[in-house]
Amino acid sequence: MERLIFDAAALLAILFAGLMIALRDPVKSVLALVVSFFALAVCYVLVLAPFIAALQIIVYAGAILVLFLFVLMLLNVGPEKPDQDRRPIQTVLGSLAVVVFAGMLLGMLRASGSRLPALPEAVGVDALPDPAAIARLLFSDYLLHFEAVSVLLLTALVGAFVLARGEDAK
Amino acid sequence: MIGSIPLFDVLLVSGALFSIGIAGALLRRNAIQIFLSIELMMNAANLALLGYGAALGTHQGQVIVFFVIAIAAAEASVGLAIFVALFRHTETIDVNKINLLKW
């Protein structure tokens, strides 16, 4: 059962990720990625990380992608025009790089695949890890990193404000 | 183990998503779509981290993914601010047309 849900969710995630890069209209692209991230959140629950799945939906699909949509609406960017300024060499080299990379990844996975362990079996909701354990780790071993991230977020906030403020405000 | 998910499958899904992300980042010309592809690659890496964390029985994978999500939020806000500033300057976010720093 777990297996079936994981396969379906993974397939949905990959399908909509493919749709995301295939669509020319950036707004549709963002919406396809939202679906893909929801499917990925299901996968996260099945790899025993329900807390991260909630974060994925609230922060990624809820905040970051809505921010993307917001900027797209603000800039009013239309779909990519298909036939202007074609660069065949770039397209060929780019496709080649993707194929070579995917092949290398697959080859590496196949070479080490039999030695990989299986995930422990989760039986019911009680077997899912407690978010309190993550919080304990976060506020003890990783406290310095946690504080560094808070400074980083403040820096990003100020940086985004300065960058987007525009010329006339100076 | 019957009924549970092998780590191999998790890594396979992660690798497939990462490859799709690379394809998008290399082949699209709209800066926003390139940025979306980068977000997808981050999520593929997150899935691999969570898979290993679960297979090894630690919470460290989830803590690292927590940090990755926080940094992705910061990166998205700054990146989108750059696009807004760029669009004000050049009236386009097509990366083939933005060549101010090229020569």
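Analyst: Happy to! This is a predicted model. Let's start at a helix pair: α2(A) brings P26(A), S29(A), V30(A), L33(A), F37(A), L40(A), C43(A) and Y44(A) to a contact with α2(B), where the partners are I32(B), Q33(B), L36(B), L40(B), N43(B), L47(B) and L50(B).

User: What classes of residue are in that contact of α2(A) with α2(B)?

Analyst: By class there are 12 nonpolar and 3 polar residues, and no charged ones.

User: And at what angle do the axes of α2(A) and α2(B) cross?

Analyst: They cross at roughly 5 degrees and come within 11 Å of each other. Because of that angle, α2(A) counts as roughly parallel to α2(B).

User: Let me stay on α2(B). How many of its residues are buried?

Analyst: In α2(B), 21 of the 26 residues are buried, so the helix is mostly covered.

User: How far apart are the end C-alpha atoms of α2(B), and what should the helix span?

Analyst: Helix α2 of chain B covers residues 31–56, and at 1.5 Å a residue those 26 residues should span 38 Å. The end C-alpha atoms are 38 Å apart, which agrees.

User: Nice. What about the span of α2(A)?

Analyst: The 21 residues of α2(A) should span 30 Å at 1.5 Å a residue, and the end C-alpha atoms are 30 Å apart, so that agrees as well.

User: What comes just after α2(B)?

Analyst: G57(B) does, with a positive phi of about 75 degrees.

User: And which residue takes a positive phi just after α2(A)?

Analyst: That one is L48(A), at about 65 degrees. L48(A) is a residue other than glycine, and its place is in the loop between α2 and α3 of chain A. For background, most residues other than glycine have a negative phi.

User: Is L48(A) buried or exposed?

Analyst: L48(A) counts as buried, because 26 C-beta neighbours lie inside 10 Å and the cut-off for buried is 20 or more.

User: Changing topic: what does chain A look like as a whole?

Analyst: Chain A has 6 helices and 0 strands, and along the sequence the pattern reads α-α-α-α-α-α. Of its 170 residues, 24% count as buried.

User: Which domains is chain A divided into?

Analyst: The assignment gives domain 1 (1–79), domain 2 (87–115) and domain 3 (130–170). Taken over C-alpha atoms, the centres of domain 1 and domain 3 of chain A are 23 Å apart.

User: Back to the two chains. How many residues of each are in contact?

Analyst: For chain A the number is 71, and they are in contact with 61 residues of chain B. On the chain A side, α1, α2, α3, α4, α5 and α6 each supply at least two residues. The largest share, 12 residues, comes from α3(A). By class, that side of chain A has 56 nonpolar, 9 polar and 6 charged residues.

User: How do α4(A) and α1(B) pack?

Analyst: Their axes are 9 Å apart, at an angle of about 170 degrees. The cut-off for roughly antiparallel is over 145 degrees, so α4(A) and α1(B) are roughly antiparallel to each other. Residues making the contact include G94(A), V98(A) and F101(A) of α4(A), along with G15(B), S19(B) and A23(B) of α1(B). By class, this contact has 14 nonpolar, 5 polar and no charged residues.

User: What does A23(B) touch, leaving aside its neighbours within four places in sequence?

Analyst: A23(B) is in contact with I21(A) and V98(A). A23(B) counts as buried because it has 23 C-beta neighbours inside 10 Å.

User: Last one: where does A72(B) lie?

Analyst: A72(B) lies in helix α3 of chain B, residues 60–90. With 18 other C-beta atoms within 10 Å, A72(B) is partly exposed. Not counting residues up to four places away in sequence, A72(B) touches I64(A), E39(B) and M42(B). A72(B) and N43(B) are 29 residues apart along the chain, and their C-alpha atoms are separated by 9.8 Å.

Key:
Residues numbered from 1 in each chain as written. Chains lettered and ligands numbered in written order. Predicted model: local features only at pLDDT ≥ 70, side-chain atom pairs only at ≥ 80, totals over all residues. Helix = DSSP H or I, 4+ residues; strand = E, 2+ residues; numbered from the N terminus. Expected span 1.5 Å × (residues − 1). Buried ≥ 20, exposed ≤ 12 C-beta atoms within 10 Å, placed from the backbone. Contact = placed C-beta atoms within 7 Å. Nonpolar A, V, L, I, M, F, W, Y, C, P; charged D, E, K, R; others polar. Domains from an automatic or database assignment. Axes fitted to C-alpha atoms, helices over the stretch in contact; angles between N-to-C directions. Parallel < 35°, antiparallel > 145°, perpendicular 65-115°, else oblique.
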